[in-house]
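Here's a quick briefing for anyone meeting this structure for the first time. Have a look at the sequence and the model, then read on.

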Amino acid sequence: MATVRDTTYDLLRALGMTTVFGNPGSTEEPFLHAFPDDFHYVLALQEASAVGMADGYAQVTGAPAHVNLHTAPGTGNAMGNIVTAWHNRAPLIVTAGQQTREMLLLEPRLTARHATELPQPYVKWAHEPVRAQDVPAALMRAYATAIQPPAGPVFLSLPLDDWAQPADPPPPTRTVATRFAPDPARLRQFAAALATSRSPVLVFGAAVDRAGAWPAAVALAERLVAPVWSAPAPERTAFPEDHPHFQGVLTFAIGPLAEQLRGHDLVLVVGAPVFRYYPHVPGETLPEGARLLHVTDDPEEAARAPVGDSLLGDAGLTLAALADLMPPADRPPPPVRPAPSPVEDSVPLSADALFAALARHWPEDGVLVQESPSNLSALRRRLRFNTPGSYFTMASGGLGYGLPAAVGIALAQRDTGRHRPVVAVIGDGSFHYSVQALWTAAQLRLPLVVVVPVNQQYAILKAFAELKHTPGVPGLDLPGIDIASIAAGYGCATEVVQTPDQLGAALATALRADGPTVLPVPIRTDVPPIL
Ligand SMILES: Cc1ncc(C[n+]2csc(CCOP(=O)(O)OP(=O)(O)O)c2C)c(N)n1
């Protein structure tokens, strides 16, 4: 007779979810026992890494990823990256073991108390099945919930004695839509507003990339002859950055952002929040005389926008429909953004010089994973992304995402047969939050390159303290960390790089390797302003 475990593996197979990211414990062993040969268990040495890897993997494969965690402590360790997965719209099915039902009343060791409350409010659905026999159907519901827009993580708490129970007949596998088209009447209103605008400006966010909608974004921008900005602090890029219409990345503060949009009477934001701010710099949300239109697939995101009128819909379907409805505009082309100033290559390198060198040696079709807070402006000035799916970071602001995400992204490049080279730029502070992901990369022999700008400090927090006039904050310096030794300890190749030429040579070697390489690069310690 089929057990709950048998039926669950059959369902996972039918859903194409044969990769499990996790860190095992006693409460998960009854699920994992006799692990089937056609499944792949990706071991992370800490749960934050399991979730970060699964998130990167899901974003590249475009399918939900399964993370299996160890009851309450494992879920707790994973929480930072579950928060990030929520903001990243990553469809994750997070399962966690639970103690034996028979003992739960007395709360034995490793009971997850109020298990479904623990990951809230950063999961779309959290559930502990009432009967063992409900586990497979709950998984089916979890899948359907995770991938419907807006996609995101879901959570199942699964008691360890459920797996051996006799199963009910298997639940039917079901499919659900992952995108929806905008209301045609409201779409026409948006199109009319754009067509009659004196000076429209377009702001594109990560959902454009998630929807595979770069061509539609370019088509609309060219029809409107409108300038294009990236939404502030995007987790993915949405528009070719060498395109003459592209103006750069909007800043993440209220007043200064409105200043960048001055002169426009209509702002169309597609696939991003209005707006993702960081430091509070008061001001008007929009320049005087401007109206804002917002396209999103998330009703909550639409509701919390402080200004503007919204239209619910998939970014790609909406952009394509708008471009079709748009008569070609007759106006002068937008200004071309100035080229960045030349850099000086003296050692230690400035962040600008490091990223200019990285840009010169950038591998064809390369994918960047970024978690280097104070150097972000320099990186975006020097490296330009002109193809979809080429840039990933966290939407949340929580550190500890980039390194494991890069591992998941590199694994997905291998598993999908795309084999795009993956380069991560991870700050020497950020490096440590999920550092054990390096071990998984080494075990999987992933040719991942991790460039670590070493400034021996939490530079962005110094910049924040300066902006906010809060001197005397402790704990912002990081002396005495040997990144290369840590990398070697986890099984990575490593070499400290000082000059642009050394970077070029080390990068070329690393990209040919059959394992990860960590390249610490000492950089100047002056603190760039936060805005
Ligand atoms: C999980 C988490 N803990 C703490 C922070 C606060 N924080 C934001 S940036 C930062 C420093 C990052 O340092 P590093 O990676 O060296 O980058 P730098 O600012 O020096 O460029 C810290 C600690 C955070 N964002 N997330």
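**First look**

UniProt, in an unreviewed entry, places the feature "domain: Thiamine pyrophosphate enzyme TPP-binding" at residues 381-519; its positions follow the numbering used here, feature names are shortened, and annotations may be inferred rather than shown by experiment. This is a predicted model, where local features need pLDDT of at least 70, side-chain atom pairs count only at pLDDT 80 or more, and totals for chains, interfaces and linings use all residues. Residues are numbered from 1 along each chain as its sequence is written, and side-chain values use heavy atoms, with hydrogens and water left out.

**The annotated span**

- Residues 381-519 are 37% helix and 13% strand, and their end C-alpha atoms lie 21 Å apart.
- Helices (H or I, at least four residues) and strands (E, at least two) are DSSP runs, numbered from the N terminus.

**Helix 1**

- Helix 1 covers residues 4-14, and its buried residues are Val4, Arg5, Thr7, Thr8, Tyr9, Leu11 and Leu12.
- Buried here means under 20% relative accessible area (1.4 Å probe, protein chains only).
- Those buried residues pack against helix 2 (29-32), strand 3 (65-69) and helix 5 (135-147), with contact meaning heavy atoms within 4.5 Å.
- Just after helix 1 comes glycine 16, with a positive phi of about 75°.

**Strand 10**

- Strand 10 (residues 266-270) is largely enclosed by the rest of the structure, because five of its five residues are buried.
- Leu266, Leu268 and Val270 cover one side, Val267 and Val269 the other.
- It pairs in the parallel sense with strand 7 (residues 200-204) over five bridges, and phenylalanine 204 has valine 270 as its bridge partner.
- Strand 10 also pairs with strand 11 (residues 291-296), again parallel and over five bridges; here leucine 266 stands opposite arginine 291.
- Two strands count as paired if DSSP finds at least two bridges between them.

**Cavities**

- A cavity is a set of points on a 1 Å grid over the protein atoms alone where a 1.4 Å probe fits but cannot get out, and lining residues have an atom within 4 Å of a point.
- The largest cavity has 18 lining residues, with Arg210, Gly271, Ala272, Pro273 and Glu301 nearest its centre.
- Helix 7 (residues 206-210) gives the most to that lining, with three residues.
- By class, the lining has eight nonpolar, four polar and six charged residues.

Notes. Buried < 20%, exposed > 50% of the residue type's maximum accessible area, 1.4 Å probe, protein only. 1 Å grid on protein atoms, 1.4 Å probe; cavity = no way out; pocket = protein on both sides within 12 Å on 5 of 7 lines; lining within 4 Å. Nonpolar A, V, L, I, M, F, W, Y, C, P; charged D, E, K, R; others polar.
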